[in-house]
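The sequence and the structure are shown first.

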Amino acid sequence: MILIVVKFPVRPERTDEWTTLAGDYARAVQSEEGNVFFEWSRSLEEPDTFVCVEGFRDAAAGAAHVGTEAFKRFVDQAPDLVARQPQIIYVDAPDVSGWGPMGEIQPRG
């Protein structure tokens, strides 16, 4: 699995435009055959920073993703909305297939 985490610092005055773009992009990516998951979150420490967590089945699925029209449209429009260059973590984890249970925490009661 390919695991990607990206922090996007967004211009505060462009947040509404960002959430529209990000939502459209998420729906497109989630429909890709090789996508395992794709989620957006908003940072609690930096409210104008949005965090993308995405997983793809393998490197081939990741390569197919960057060739999509949705990806091209996103990278074309995002520079007008970000305040600084986004920061990324990219991990190729061949023995991982998706989310698994966290052993340290379980619901009580």
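## Gln87 and its strand

In this predicted model, Gln87 is found in strand β4, which covers residues 87–92. Gln87 has a relative accessible area of 53% and is classed as exposed because this value lies over the 50% cut-off.

## Surroundings of Gln87

When its neighbours within four places in sequence are left aside, Gln87 is in contact with Val5, Val6 and Lys7. Within its own stretch of chain, a polar atom of the Gln87 side chain lies 3.3 Å from the backbone oxygen of Gln85.

## Pairing of β4 with β1

Strand β1, made up of residues 2–9, pairs with β4 in the antiparallel sense, and six bridges join the two strands. Val5, one of the residues in contact with Gln87, has Ile89 as its bridge partner in β4.

## The sheet and the helix across it

The four strands form an open sheet with antiparallel pairing, in the order β2-β3-β1-β4. Its edge strands are β4 and β2 (35–42), each of which pairs on one side only, and the twist from one strand to the next averages 10°.

Helix α1, spanning residues 15–30, lies across β1, β2 and β3 (49–56), and the helix runs at about 165° to β2.

Conventions: Residues are numbered from 1 along each chain as its sequence is written. This is a predicted model: local features need pLDDT of at least 70, side-chain atom pairs count only at pLDDT 80 or more; totals for chains, interfaces and linings use all residues. Side-chain values use heavy atoms; hydrogens and water are left out. Buried means under 20% relative accessible area, exposed over 50%, partly exposed in between (1.4 Å probe, protein chains only). Contact means heavy atoms within 4.5 Å. A polar contact is a pair of N or O atoms within 3.5 Å; within protein, one must be able to donate a hydrogen and the other to accept it, and residues adjacent in sequence count only if both atoms are side-chain atoms. Two strands pair if DSSP finds at least two bridges between them. Axes are lines fitted to C-alpha atoms, for helices over the stretch in contact, and angles run from 0 to 180 degrees between N-to-C directions.
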